[in-house]
Amino acid sequence: MFVTGHGPFPSYLHRFNLRTHDNCSCGEKGDPIHYATKCRFTLSWHFQTPTVSLKLQRLKNILTNNFSRTRLRLLMRFICDENNLIVEDNN
């Protein structure tokens with residue numbers, strides 16, 4: 001879900017008109033990279049912010065490292081379980 005951007009992310013849900021906006025509760029765009037690097041609600045699972053030119057290589061490194069994959073799974077579980085806390089819904 002993280003790699004493809006499909007899932008409980010506001011950016012994904014907004015694309016399909018399932019949300020009225022694509023913002024996280026903190027006010028920034030709610031995409032996977034936001035939750036993994038900047039969101040104040042997911043600080044425990046943050047990764048280093050990749051530069052634009054190294055984004056793909058950084059993602060490959062995360063996926064090939066067992067510790068990083070475990071942190072990514074925990075992040076995704078948190079997002080799925082606590083979606084109501086991190087996704088602001090103005091409906």
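The largest nonpolar core of this predicted model has 15 residues. Phe9, Tyr35, Leu72, Leu75 and Ile79 have the most contacts inside this core. Helix H1 (10-15), helix H2 (32-37) and H4 each supply at least two of its residues. The largest share, four residues, comes from H4. In soluble globular proteins, nonpolar side chains tend to be buried together.

**Overall build**

- The protein has five helices and zero strands.
- Along the sequence, the pattern reads α-α-α-α-α.
- Taken along the principal axes, the C-alpha atoms fill a box of roughly 40 × 25 × 20 Å.
- Of the 91 residues in the protein, 36% are buried.
- Take the contacts between residues at least 6 apart in sequence: 44% of them join residues at least 24 apart.

**Where H3 meets H4**

- Two packed helices are described by the angle between their axes and the distance between the axes.
- Helix H3 covers residues 55-64, and helix H4 covers residues 66-81.
- The axes of H3 and H4 come within 5 Å and cross at roughly 95°.
- That angle makes H3 roughly perpendicular to H4, because angles of 65 to 115 degrees count as roughly perpendicular.
- On the H3 side, the residues in this meeting are Ile62, Leu63 and Thr64.
- On the H4 side, they are Asn66, Ser68, Arg69 and Leu72.
- By class, the contact of H3 with H4 has three nonpolar, three polar and one charged residues.

- Leucine 72 sits in helix H4.
- Is leucine 72 buried or exposed? Its relative accessibility is 7%, so leucine 72 counts as buried: the cut-off is under 20%.
- Which residues does leucine 72 touch, not counting those up to four places away in sequence? They are Phe2, Phe47, Ile62 and Leu63.
- Leucine 72 and glycine 27 are 45 residues apart in sequence, and their C-alpha atoms are 22 Å apart in space.

- Leucine 63 is found in helix H3.
- Its relative accessible area is 34%, so leucine 63 is partly exposed: the value falls between the 20% and 50% cut-offs.
- Leaving aside neighbours within four places in sequence, leucine 63 is in contact with Val3, Arg69 and Leu72.
- Leucine 63 and glycine 7 are 56 residues apart in sequence and 18 Å apart in space, C-alpha to C-alpha.

**Arginine 71: a charged residue that is buried**

- Arginine 71 lies in helix H4, and arginine counts as a charged residue.
- At 18% relative accessibility, arginine 71 counts as buried, because the value is under 20%.
- Arginine 71 touches Trp45, His46 and Phe47, not counting residues up to four places away in sequence.
- Phe47 is also touched by leucine 72.
- How many residues apart along the chain are arginine 71 and histidine 46? They are 25 residues apart, and their C-alpha atoms are separated by 8.6 Å.

**The loop between H1 and H2**

- Asparagine 17 is placed in the loop between H1 and H2.
- Asparagine 17 is not a glycine, yet it has a positive phi of about 55°.
- With a relative accessible area of 67%, asparagine 17 is exposed, because the value is over 50%.
- Glycine 27 is also placed in the loop between H1 and H2.
- Glycine 27 counts as partly exposed, at 48% relative accessibility.
- Glycine 27 and phenylalanine 2 are 25 residues apart in sequence and 20 Å apart in space, C-alpha to C-alpha.

Notes:
Residues numbered from 1 in each chain as written. Predicted model: local features only at pLDDT ≥ 70, side-chain atom pairs only at ≥ 80, totals over all residues. Heavy atoms only, no water. Axes fitted to C-alpha atoms, helices over the stretch in contact; angles between N-to-C directions. Parallel < 35°, antiparallel > 145°, perpendicular 65-115°, else oblique. Contact = heavy atoms within 4.5 Å. Core = buried A, V, L, I, M, F, W, Y, C linked by side-chain atoms within 4.5 Å. Buried < 20%, exposed > 50% of the residue type's maximum accessible area, 1.4 Å probe, protein only.
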